[in-house]
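Here is a short report on the fold and surface of one protein chain. Take a look at the model before reading on.

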Amino acid sequence: MQNGTPPDGGRRFVGDADYRAILGEDLSTTLDLRTWEKGWEIERLISRIRSQVASAETSEARIRAAIRQEIFPDLKRQTRIPEAGVYEASPERLKTVFESLLFPGRVEAVNSIAASHDSLALGITQIGVSIVGYGGRSGTFSQRLFRKDVAARNPDTLKVVQDCLERRHERGPRDNVSMLMRRYIRAYAERAILLDRSEAEWRIGPGNPCSREMLSGANYKPLLKASIDVLKRLIREHQKFVFVSKELDEEGYLTLGDALKAGEYAILHTLEEDSSYFVRRWHYDHQMGDEALAFVMDYCPEVFIGLFRASEQSPPRLFYAHRKHVHIAAHVALADSILRPDRGFPMLLDVADASCRGVFGSESFLGLVNDAYTRAGSHHHYFGGR
C-alpha cells in the first residue's frame, strides 16, 4: 500500500469529480453565495453537525466490520508473509516487558527538536536530540549551524554585494539549506544517536526508520551515504528496535488500524514496497538512486510495518520493527503506550520530546539570539523564526 502523496511532497489538483465525490456537492455550489448561511444559526448548525457525524460513524462502523471479517483473516495469503496477521497482546508478556525491560531501563527512546532564526545577515539552526529511559539514564546532544552570505573578506566590495544579492534572490522564501538542516540532518542525527549513543538493549524512535529524509539525503551524496550506513547497522546488526509514528497521516493504514480492538496489533507487510515506491520516484542526482534502491531491496525486507491500538479511546499507531523481533517489539510499544491510554503513544517518546523542548526549545534559543543582536547594536534583524 503506497501513500498517494508524490515523493516531492506536492499534491495533485482536485478535479470537479473529486470535489463532488468527497463533499457531495459541486464546487460551483460552494462558491455560490446564495447557498451560504447568513449569520449564526446555532440550532441548524448543531443539527447538521450531529447528522453528519452520526452518518460518518455509521459508515465507518460498516468499514471496520468488513475489515475484520474479510481483510484481517486474509492478510497472510495476501502478503505471502508467514508473520502477517492480527494478534492479541499477551498480558503475561506485557507484564514481563514492564518488569524486565521498560522499568529497569533496558529500553531507551530518542526524540529531537529543531529551532531556526533567519535574517538577512545570518541564519542559525539549532538541532537538539534527547535520549531517555526509565532507568534514570538520559542524554542530550545538540548542534548549531550558521549560514552567512558574507563570510570572507574581499577587496572587491561591489563583487561581494552582487554575489550576496544573487544568493539571496535565488534562495527566496524557500531556503533549501535551512530545510536540509531542520529535516534531513535532524532525521539522520536521531537515528545515529539512537544507535551509537544509547546503551539500552531496545531502542524506540519516532516515525519511519527509513523515512523519506533518510532515503533521499536531500540529494547530498555524503548525507545519503551516512544515512544508509546508519540504517544498515541498525537493521542488520542491532535489530532490537521499534519506531512508532506520531503523525496520523497514513490514512490507508490507519483505516485498517481503526478496526483493531484495544490490545491488538497487526503485522501487515515489509517496508520494501513502500520504500521502493518512494525511491523509484525521487529525482536523484547521478548514481545516488541506484545506491538507495540497492539498500531498499537488501535491507527493507527485514523491517515489518505494523499497527497497534493501546486502548479504545486512543487512535491506532503505525510501528516498524525487525522481522526477527517483531512480536516483542509490538509488546514493547503497546506496554509503553498503555501508560497513557487516552493517547495510546509510547510515553518514552513523549518524555524524550519534553526533554528536548525543555533544553532546546525555541523560546530560549531565540532569546539568546535576540540578546546577541542587541549586544551587537542591531535593531532590525528579524524576518521570522521557527
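This is a predicted model: local features need pLDDT of at least 70, side-chain atom pairs count only at pLDDT 80 or more; totals for chains, interfaces and linings use all residues.

Nine strands build an open sheet with mixed pairing, in the order 1-7-8-9-6-5-2-3-4. Strand 1 (85-88) and strand 4 (138-147) are the edges, and each pairs on one side only. On average, neighbouring strands are turned by 25° against each other, direction ignored.

Strand 7 (residues 264-270) and strand 8 (residues 303-308) run antiparallel and are joined by five bridges. His269 has Ile305 of strand 8 as its bridge partner.

## Around strand 6

Strand 5 runs parallel to strand 6, with four bridges between them. Strand 9 runs antiparallel to strand 6, with three bridges. Ile204 stands opposite Val242 in strand 6. Phe243 has Tyr320 of strand 9 as its bridge partner.

In a regular strand, side chains alternate between the two faces of the sheet. Strand 6 sends Phe241 and Phe243 one way, and Val242 and Val244 the other way. All four are buried.

## A helix across the sheet

## A nonpolar surface patch

Trp40, Ile42 and Ile46 make a nonpolar surface patch of about 340 Å². Trp40 sits in the loop between helix 2 (27-31) and helix 3 (42-71). Why does Trp40 count as exposed? Its relative accessibility is 66%, and exposed means over 50%.

Methods: Residues are numbered from 1 along each chain as its sequence is written. Side-chain values use heavy atoms; hydrogens and water are left out. Two strands pair if DSSP finds at least two bridges between them. Helices (H or I, at least four residues) and strands (E, at least two) are DSSP runs, numbered from the N terminus. Axes are lines fitted to C-alpha atoms, for helices over the stretch in contact, and angles run from 0 to 180 degrees between N-to-C directions. Patches are made of residues with over 30% relative accessible area and no salt bridge: like charges are joined within 9 Å, nonpolar side chains (Val, Leu, Ile, Met, Phe, Trp, Tyr) within 5 Å. Accessible areas come from the Shrake-Rupley method with a 1.4 Å probe; for residues, only the protein chains shown count as cover. A salt bridge is a side-chain nitrogen of Lys or Arg within 4 Å of a carboxyl oxygen of Asp or Glu. Buried means under 20% relative accessible area, exposed over 50%, partly exposed in between (1.4 Å probe, protein chains only).
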